[in-house]
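Here is my note on the side-chain contacts, as numbered points. Please read it with the structure open.

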Amino acid sequence: MFYREAGQFKTSYAADQAAFPLLEDRIGIAILLLVAVIAIPLLASNFFLNTIMIPFLIFALATIGLNILTGYCGQLSLGTGAFMGVGAYACYKLTTTFPDINIIVWILASGIFSAGIGVLFGLPSLRIKGFYLAVATLAAQFFLEWCFIRVPWLYNNNASGAIEVPTRTLAGIAITGPTADPLTRYFTVLVIVSVLTLLIGNLIRGRIGRTWMMIRDMDIAAELIGVRPLAAKLSAFAVSSFVCGVAGAMFVFLWLGAAEPSSFNIRLSFQILFMVILGGLGSMAGSFMGAAFIFILPIVIRMLPAALDLDIGAATAEQLNFMIVGALIIAILIVEPHGLARLWAVFRQKLRVWPFPY
Amino acid sequence: MKHSLVLGLVAALAAAVPLTPASAQNDELFLPLFTYRTGPFAGSGIPIANGMRDYLEMLNQRDGGIGGVKIRIEECETGYNTQKGVECYDSVKPGNPLIVNPWSTGITLQLIPRASVDKTPILSMAYGLSAAADGTVFPWVFNPPASYWDAASAIIKYIGEQEGGIENLKGKKIGYLFLDAGYGREPIPLLEDFAKEYGFELTMYPVPADTMQNQSSQWLNVRRDRPDYMIMWGWGAMNATAVREAAKVRYPMDKFISVWWPGEDDVRPAGAGADGFKMLNFHAVGDEFPAIQDIVTHVFDKGLSQVSDRSKIGENLYNRGLVNSLIMAEAIRTAQELHGHPNVTPAEVRDGLEALNISADRLKEIGLEGFMEPMVLSCEDHAGQSDLYIQQWNGESWEKISDWFSPMVEKVRPMLEEAAQEYVAANQPWPQRDVPCANAS
């Protein structure tokens, strides 16, 4: 009823293979983009942009990055936080060494460094699988974090050991640093995230993405029909780390404004892994949903007592927060082990057949 | 349609959330308190939060606020986590906070560049970026009564006195045990400089934050290196662990000197082994001051305090929080006098901080005579470089064992200015100071 497919005929291969073959999906995406581009900038306060939208989009991109590796290629990784850190530190080094080149170029270029490191730590994946690989990537996490603390060259011998974001401009408008308007930063993040999401989405639908999924589903079978595991696994590590690196560079340059090594610790890796699992392994839309759930929900819960004029104290609210979010994660995973994306798919199916369910 | 669930929710929030941070009301003085009553550092965070809150609450109850204007106290839980701290800052900013206290060196470093853009004064009391003491470069940041560099120089000076003169430090070995984060690394450049100048050997023992409750490897190294003195820059559970481990390896406690952050609860668990442990401080410990008695009558006895036990009032970190609120209250009072009206703005409070002069007479008036040394700030000097003293743990309480003495101002000040210039060079383009100097007349 709401999702009528009847009458939507595909008359060419191109139409049949489109990213969004259904008219309803296309309308939905268009509405979302309109909300993101027009409604949010018009309505939202600086607080909303700074605290919710910008980090949400950045986390969604990092989740997509890990989803490529874990969700699509089946390689469990606990090093996401460190790969994001590589992006951030690379971007910092690049922009302080070559300040005249546009920061957007460096944000994207820092992903290449992250991809390189990712491939290096992805090499063990050719021999080991599952939990053992998780431990190998955990080593990457600890080693890289150690580098961020112990290699002063990475943070230009700063006495505080932190990296600070200098002001950089695009066409005369500051987009990073303290003077950058949240709205400018929001649009920068939105454009980068949208473009990368589109590219990755198409990459996954194409030949490369299919080889990843074949490796995930059964690597021996994939090998037998001509997929080279070396190329497939390492390309998954490279693309995943590239996306995480870009997300990490944005994390520091377009959101936090400064970062210590502890910003990229194991907790960040787990946070992103939870976003992937809760959103749905192997789903682009799920990445956005998981990021929203894990990142935005605690903020909303934190603000609820104040909004309802309940005086329960900041610390109590924080404790409640841990309990509520923890309970909800368990509840959702019991109801739908395949994550929010699957929940949405079930809901959509119900809409399709409404009012005559079978 | 796939993303619509999420973004629809988000869009709905867009309308709802901006309403929640309460807007500034002119008949109140808005002082947000960034606190951490949860997380691994809560042990240190809770007494500080209580001290800060109770002093302001006492002013509200006893005097009806400052200059007749009520103080609106709002706590924001940071968990000593930098991201949450920045989130707190964003959430209180629409309310025009008069002063922001980050209570974490990491959060302070994030907020320093934003302070001059947002025109919000930042009070990082005896923590944060040492170079912020240079008011000509950092007009919106204040770190009274002394920076970490002042503290490190004071400890070296004290050790020098113990050895019968600073020149006797030559050939000695001094160990530095620190939390491996922005906070613990802050004094290293100064210690390294001093090591060269006075000829002592500096050995470093970094403690990573995530394993700070297991310092056996660090203390094994201490036992091997046998430093003549140990200096500690610790926080939260790290302090308690360090004291316990030091007692275990039988390190002579009277040669173990910490910066001002350990609380009573950090030292007590080590039992008799902790006797003799020394700490630098800039305010008195104890509750025998009229102002603190007022807190008991007006706040604690009325059940308005979150302190669980009466004996916690007057402990080291509780009084630390109190000093923080004392500085805020005095800055607001100074601003009210300077500008001649009670409803001061953040920019006016900045003037108040710069013209701050807490004299001995004023301390007596407040009811804190002898609680701390007089504190004077100026447009150039945002730290005050006030006098400090050493106290020693006697098994039950802290005992003052030295007179008030000044840090090595003449050595530290040029280094601070140099560091401020380095910071500017690394963060180009850094805004020029554009606020006029406010001097109390």
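**Notes on side-chain contacts**

1. Start with Tyr423(B). Tyr423(B) is buried, at a relative accessible area of 6%. Note that this is a predicted model. Trp430(B) is also buried, with a relative accessible area of 14%. The ring centres of Tyr423(B) and Trp430(B) are 5.2 Å apart and the planes stand at 85°, so this pair is edge-to-face.

2. Tyr127(B) is buried at 3% relative accessibility. Trp261(B) is buried at 2%.

3. Chain A has a ring cluster. Ring pairs link Phe59(A), Tyr89(A), Phe148(A), Phe251(A), Trp255(A), Phe264(A) and Phe295(A).

4. Two lysines deserve a look. The charged end of Lys93(A) sits over the ring of Trp153(A), 4.2 Å from its centre. The charged end of Lys255(B) sits over the ring of Tyr229(B), at 5.3 Å from the centre.

5. How many salt bridges are there over all chains? The search finds 34. Arg53(B) and Glu75(B) form a salt bridge at 2.8 Å, N to O. Arg53(B) is in helix H2 (residues 42-63) and Glu75(B) in strand S2 (residues 70-77) of chain B, so the pair ties together parts 22 residues apart in sequence. Both Arg53(B) and Glu75(B) are buried.

6. Asp134(B) and Arg413(B) also form a salt bridge, with the closest N and O atoms 3.9 Å apart. The two residues are 279 residues apart: Asp134(B) is in the loop between strand S3 (122-123) and strand S4 (141-142), Arg413(B) in helix H15 (residues 409-426) of chain B. Both Asp134(B) and Arg413(B) are buried.

7. Are the partners in the next bridge buried or partly exposed? Asp265(B) and Lys312(B) meet at 3.1 Å, N to O. Asp265(B) is partly exposed, at 39% relative accessible area. Lys312(B) is partly exposed too, at 27%.

8. A salt-bridge network links Glu330(B), Arg333(B), Glu337(B), Arg362(B) and Glu365(B).

9. Check the nonpolar surface patch on chain A. Its members include Leu304(A), Leu310(A), Met323(A) and Leu328(A), and the patch has about 680 Å² of accessible area together. Helix H13 (residues 314-335) of chain A gives the most, with four residues. Leu310(A) lies in the loop between helix H12 (284-307) and H13.

Notes. Residues are numbered from 1 along each chain as its sequence is written. Chains are lettered from A and ligands numbered from 1 in the order in which they are written. This is a predicted model: local features need pLDDT of at least 70, side-chain atom pairs count only at pLDDT 80 or more; totals for chains, interfaces and linings use all residues. Side-chain values use heavy atoms; hydrogens and water are left out. A salt bridge is a side-chain nitrogen of Lys or Arg within 4 Å of a carboxyl oxygen of Asp or Glu. Buried means under 20% relative accessible area, exposed over 50%, partly exposed in between (1.4 Å probe, protein chains only). Patches are made of residues with over 30% relative accessible area and no salt bridge: like charges are joined within 9 Å, nonpolar side chains (Val, Leu, Ile, Met, Phe, Trp, Tyr) within 5 Å. Accessible areas come from the Shrake-Rupley method with a 1.4 Å probe; for residues, only the protein chains shown count as cover. Rings of Phe, Tyr and Trp (its six-membered ring) pair if their centres lie within 6.5 Å; planes under 30 degrees apart count as stacked, over 60 as edge-to-face and the rest as tilted. A charge sits over a ring if NZ of Lys or CZ of Arg is within 6 Å of the ring centre and within 35 degrees of the ring normal.
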